[in-house]
Amino acid sequence: MRRLPAEREIAPGVEGGERAELRRLMVRLADGDRAAFRPAFALLWPRLRAFAARCVAAADAEDVAQAALLRVFSRASEYDAERDALAWALGIAAWECRTLRRTRQRRREDHVAPPDPPDPGENPEEMVIARDLSAAAEAVLGTLRPIDIETITAAAGSRKLRGATFRKRLSRALARLRIAWRARHGSR
Amino acid sequence: MAAGEPDPRLEARARRAYELGRLRAALRLAPLVLAAAGAAIVCGRPLPMTCALAVALLLLSVGLAYAGGSAGRAVYPGLLAGAAPLAAPLLMATVGHACFGPACASLGLPACILGGSLAGVVIARTTARRDADLPFVLGALAVAALTGALGCTIAGAAGVLGMLAGVVVGGAPVLAAARR
């Protein structure tokens, strides 16, 4: 499965050990182990900031990342050990991005997401197409519920097959993504 | 502060958000405690004593859940276990058993002992299944004892002591067998 644009930027730094470590830390935090707070904070903050920088304009990225971070820690005691901690946190960050976009839309101050950094290996036409697709995918993803965003980012971040419940949830999330895409862009 | 280094103020805010989130989650237990106290009052338990026990139970449950760890995980099993000694004597009074003076002890006390035994079995089985440690057992016992006391005061101090004895008599063999 192709990774989502923001996940593609963030996942490489969080593969393997760090991802598992974050999960362990979130489990400890959910259990009330305050000693896990600082390392969890140190792991989460750069990822959330990177994610926010990919989802919203640079001027808003810091605020969105901070709001997401506070929400993640506020809900840490609800964290379910079965879930991937990074996908869970990014789902919350995606929700914050969506909230900001909606607020901006309401105020008619909506802005275009920042462009992907140029890849010297691609030709200009491919770059423009990829950039448009990324922006469109992020915009559509932002209209979904946090649980759907979390499911899709979790599936995009890992190639291994998961349980039947997860696959069912993913199937529903993708169906909703398709509907949202069609509603916005027709059948393209 | 170097670029990219986390802001200490942000860390402090995140820590505060974490603590408030834990407190909010712990306060979700309050309706269960209030429901138990409400049931005891509806079944005729004296208001001052029930309120005192309910406040103690609320503080203990919320405090343990907020602190977390083994004792924090014991709160729900403790409340569940305590439901048996809470319900047994109250049901007995509700279905028409006269509960005043010495007549109360004739069925109220056995009901407390039986309910306590059931609570002991529930705590012991949960402890064995989770391979839990001593703080878990103590936390569950304290919560179950206070929950059960809301109902077992119907038989006076003897009812509460009988319930505690029932917890030990019912739970110890199950726990010992599971640990063997």
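What follows is a chat about a predicted model of a complex with chains A and B.

Colleague: Hi! What ipTM and pTM does the predictor give the complex?

Modeller: Hello! This is a predicted model, and the predictor gives the complex an ipTM of 0.78 and a pTM of 0.70.

Colleague: And what does chain B average in pLDDT?

Modeller: Chain B averages 88, and 89% of its residues score at least 70.

Colleague: Thanks. How many helices and strands are there in chain A?

Modeller: Chain A has 8 helices and 0 strands. Along the sequence the pattern reads α-α-α-α-α-α-α-α.

Colleague: What percentage of chain A is buried?

Modeller: Buried residues account for 45% of the 188 residues in chain A. The accessible surface of that chain is about 9,900 Å², with 54% belonging to carbon and sulfur atoms.

Colleague: How about contacts in chain A, what share join residues at least 24 apart?

Modeller: If you take contacts between residues at least 6 apart in sequence, 69% join residues at least 24 apart.

Colleague: Let's go inside. How many residues has the largest nonpolar core?

Modeller: The largest nonpolar core has 54 residues. Those with the most contacts inside it are M26(A), L29(A), L44(A), L48(A), L69(A), V72(A) and F73(A). The elements giving two or more residues to this core are α2, α3, α4, α5, α6, α7 and α8 of chain A, together with α1 of chain B.

Colleague: Which element gives the largest share of this core?

Modeller: That is α5(A), with 11 residues.

Colleague: Pick L44(A) for me. What is it in contact with, leaving aside neighbours within four places in sequence?

Modeller: L44(A) is in contact with L22(A), M26(A), L69(A), V72(A), F73(A) and A89(A).

Colleague: What does the second core include?

Modeller: The second core is separate and has 19 residues, including V62(B), L64(B), L90(B) and A149(B).

Colleague: Switching to charges: how many salt bridges are there over all chains?

Modeller: The count comes to 13 salt bridges over all chains. One of them is between the side chains of R73(B) and D31(A), at 2.5 Å from N to O.

Colleague: Where do R73(B) and D31(A) lie?

Modeller: R73(B) is in helix α4 of chain B, while D31(A) is in the loop between α2 and α3 of chain A, so this pair joins two chains. R73(B) is partly exposed at 38% relative accessible area, and D31(A) is partly exposed at 26%.

Colleague: And what about E19(B) and R34(A)?

Modeller: Their side chains also meet in a salt bridge, at 2.9 Å from N to O. E19(B) lies in helix α1 of chain B and R34(A) in the loop between α2 and α3 of chain A, so this pair joins two chains too. R34(A) is partly exposed, with a relative accessible area of 22%.

Colleague: Now D60(A) and R104(A): how far apart are the closest N and O atoms?

Modeller: They are 2.8 Å apart, and the two residues form a salt bridge. The pair links distant parts of the chain, 44 residues apart: D60(A) is in helix α4 and R104(A) in helix α5, both of chain A.

Colleague: Are D60(A) and R104(A) buried or exposed?

Modeller: D60(A) is buried, and R104(A) is too.

Colleague: Which residues are linked in a network of salt bridges?

Modeller: R75(A), E78(A) and R28(B) are linked in such a network.

Colleague: Why does E96(A) count as buried?

Modeller: E96(A) counts as buried because its relative accessibility is 12%, and the cut-off for buried is under 20%. E96(A) lies in helix α5 of chain A. Beyond neighbours within four places in sequence, E96(A) is in contact with V64(A), A67(A), A68(A) and R71(A).

Colleague: On to rings. How many aromatic pairs are there over all chains?

Modeller: There are 5 aromatic pairs over all chains. In one of them, F37(A) and F41(A) are stacked, 6.1 Å centre to centre with 25 degrees between the planes. Both lie in helix α3 of chain A, 4 residues apart, about one turn of the helix. F37(A) is buried, and so is F41(A).

Colleague: Which residues do ring pairs link into a cluster?

Modeller: The cluster holds F37(A), F41(A), F73(A) and Y18(B).

Colleague: Last one: what is the phi of D131(B)?

Modeller: D131(B) has a positive phi of about 50 degrees, although it is not a glycine. Most residues other than glycine have a negative phi. D131(B) sits in the loop between α6 and α7 of chain B and is exposed, with a relative accessible area of 63%.

Technical notes: Residues are numbered from 1 along each chain as its sequence is written. Chains are lettered from A and ligands numbered from 1 in the order in which they are written. This is a predicted model: local features need pLDDT of at least 70, side-chain atom pairs count only at pLDDT 80 or more; totals for chains, interfaces and linings use all residues. Side-chain values use heavy atoms; hydrogens and water are left out. A salt bridge is a side-chain nitrogen of Lys or Arg within 4 Å of a carboxyl oxygen of Asp or Glu. Buried means under 20% relative accessible area, exposed over 50%, partly exposed in between (1.4 Å probe, protein chains only). Contact means heavy atoms within 4.5 Å. Accessible areas come from the Shrake-Rupley method with a 1.4 Å probe; for residues, only the protein chains shown count as cover. A nonpolar core is a set of buried Ala, Val, Leu, Ile, Met, Phe, Trp, Tyr and Cys residues joined through side-chain atoms within 4.5 Å. pLDDT is the predictor's confidence in each residue, from 0 to 100. Rings of Phe, Tyr and Trp (its six-membered ring) pair if their centres lie within 6.5 Å; planes under 30 degrees apart count as stacked, over 60 as edge-to-face and the rest as tilted.
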